[in-house]
Amino acid sequence: MPKAKIGLNETEQKILVRAAEILSDENHWTNGTFGNWQWLDQEPKVCASGAVRRATIEVLGIRKSWWKAMDDQHSLQVQRALTQQAIYAIHGKRSIPWVNDQLGYQAVKNLFCKAIKAEVDETTE
């Protein structure tokens, strides 16, 4: 099966990588909720979508507005890329929250790894 192209721009690549870094420690991951976004000065536990949103806040320098990050075009593009590249290929028509909440932490880590690898492979072709 041919690999789907992600086509993230430089900012979106930074968001994807930062989100993966946020979730590199299982102690920073959660399920069933986006996470505790009210205390962004601390290291809250976040789900996969929450990690993308937190990374968007950090990369774009949004003034700690969780809601602005939810609708940011870069955040939405990274979430679309994760969905198209990794989730559909592995699990069919599923969503990021489904993988996060039903399959758990290791599946989330694999999701980000596959998306980052696909992006790297695309930029080196």
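Reader: Is Glu 21 buried, partly exposed or exposed?

Author: This is a predicted model, and accessibility is computed from its coordinates. Buried means under 20% relative accessible area and exposed means over 50%, with partly exposed in between. Glu 21 has a relative accessibility of 43%, so Glu 21 counts as partly exposed.

Reader: With which residue does Glu 21 form a salt bridge?

Author: A salt bridge is judged by the distance from a side-chain nitrogen to a carboxyl oxygen, which must be within 4 Å. Glu 21 pairs with Arg 18, and their closest N and O atoms are 3.4 Å apart. Because the two lie 3 residues apart in helix H1, about one helical turn separates them. Arg 18 is partly exposed, at 22% relative accessibility.

Reader: Which parts of the chain does the pair of Arg 18 and Glu 58 link?

Author: Arg 18 forms a salt bridge with Glu 58, with 2.5 Å between the closest N and O atoms. This pair links distant parts of the chain, since Arg 18 belongs to helix H1 and Glu 58 to helix H2, 40 residues apart. Glu 58 is partly exposed, with a relative accessibility of 34%.

Reader: How are Arg 54 and Glu 58 placed in helix H2?

Author: They lie 4 residues apart, about one turn of the helix, and their side chains meet in a salt bridge at 3.1 Å, N to O. Arg 54 is buried, its relative accessible area being 6%.

Reader: Which residues touch the most other members of the largest nonpolar core?

Author: A nonpolar core is traced through side-chain atoms of buried residues. The largest one here has 21 residues, and Leu 16, Leu 23, Val 52, Leu 82 and Phe 112 touch the most other members. Helices H1, H2, H4 and H6 each supply at least two residues of this core, and H6 gives the most, with 5 residues. Beyond four places in sequence, Leu 16 touches Leu 8, Val 78, Leu 82, Phe 112, Ala 115 and Ile 116.

How values were computed:
Residues numbered from 1 in each chain as written. Predicted model: local features only at pLDDT ≥ 70, side-chain atom pairs only at ≥ 80, totals over all residues. Heavy atoms only, no water. Core = buried A, V, L, I, M, F, W, Y, C linked by side-chain atoms within 4.5 Å. Buried < 20%, exposed > 50% of the residue type's maximum accessible area, 1.4 Å probe, protein only. Contact = heavy atoms within 4.5 Å.
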